[in-house]
Amino acid sequence: MSITPDQVLDCSGMACPMPILKTKKAVDGLQLGQILKMIATDPGSTSDMEAWTRKTGHTLVASEQADGKFIFYIKKSK
Amino acid sequence: MTESTSNRLAIIALHGTLDAAYPPLILATAAAAMDMQCAIFFTFYGLEIIRKGKADKLQVAPIANPAMPMPVPNIVGMLPGMTAVATGMMNSWMHKANVAKLSELLEMAVESGVRMIACQMSMDVMGVKKEDLIDGVEVSGAATFLEFASQNAISLSF
């Protein structure tokens with residue numbers, strides 16, 4: 001994927017709700033428009049990140065799956 | 001589409017067992033991460049969750065708990081030491097699944113602004129003092145919780 005993230009957050013191995021809590025913290029630290037790449041292994045993170053971005057008003061720019069990892073690109077949008 | 005949404009979560013934590021302590025803390029921290037306002041009312045045995053140094057020592061009941069992954073017959077569950085055995089097993093499953101410790105979730109709840117309300121009446125009944133509780137807890141009564149809950153909150157009880 002040709003998105004260049006401003007920050008990378010690896011939540012591999014973490015169970016719910018840690019990926020959401022860590023993502024929130026990381027996105028809070030970004031500037032408007034910057035992109036966080038979040039890597040998780042929790043299969044629940046796919047629907048959770050969709051819900052989280054919908055509720056918080058940030059943008060899930062793209063997501064992909066590779067080698068048991070779930071990768072999300074989240075743009076700080078507010 | 002006119003869907004009504006709420007940005008408040010009001011939780012009652014009633015039980016002081018390992019398994020019962022997780023849902024309120026997971027949902028509260030997740031709610032805070034979703035920019036929701038959240039309050040947990042710790043009442044009766046739920047006070048154990050916010051007693052200093054107690055969170056990671058909460059236990060699971062092996063008796064009358066047929067849903068445990070390895071069910072223990074009640075007659076065996078009655079034996080001395082079985083609560084510790086069941087708790088040890090549960091903790092090792094949690095650890096294997098990389099679930100955060102209760103103390104970590106508590107810390108994150110306080111840090112992320114979840115209102116932690118200890119029930120004054122329960123404290124009086126059970127002889128718990130404010131200094132027995134973790135930092136960041138407020139001691140109040142039913143009206144405090146209800147005022148928060150009445151402002152369009154989703155309310156859950158565990």
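Mentor: First a term: two strands pair if DSSP finds at least two bridges between them. Helices (H or I, at least four residues) and strands (E, at least two) are DSSP runs, numbered from the N terminus. This is a predicted model: local features need pLDDT of at least 70, side-chain atom pairs count only at pLDDT 80 or more, and totals for chains, interfaces and linings use all residues. Residues are numbered from 1 along each chain as its sequence is written, with chains lettered from A and ligands numbered from 1 in the order in which they are written.

Trainee: OK, what's the strand order in the open sheet of chain A?
Mentor: β1-β2-β4-β3, 4 strands with mixed pairing.

Trainee: Which strands stand at the edges?
Mentor: β1 (7-11) and β3 (59-66) of chain A. Each has a single partner strand, so one side of each lacks a neighbour in the sheet.

Trainee: And how do β2 and β4 of chain A pair?
Mentor: Antiparallel, over 6 bridges. Lys37(A) stands opposite Tyr73(A) in β4(A).

Trainee: New topic. How many residues of chain A are in contact with chain B?
Mentor: 12 residues of chain A, with 11 of chain B. Contact means C-beta atoms, placed from the backbone, within 7 Å.

Trainee: Which element gives the most to that side of chain A?
Mentor: α1(A), with 4 residues.

Trainee: What does α1(A) meet in α1(B)?
Mentor: Ile20(A), Leu21(A) and Lys24(A) meet Thr29(B), Ala30(B) and Ala33(B).

Key:
Contact = placed C-beta atoms within 7 Å.
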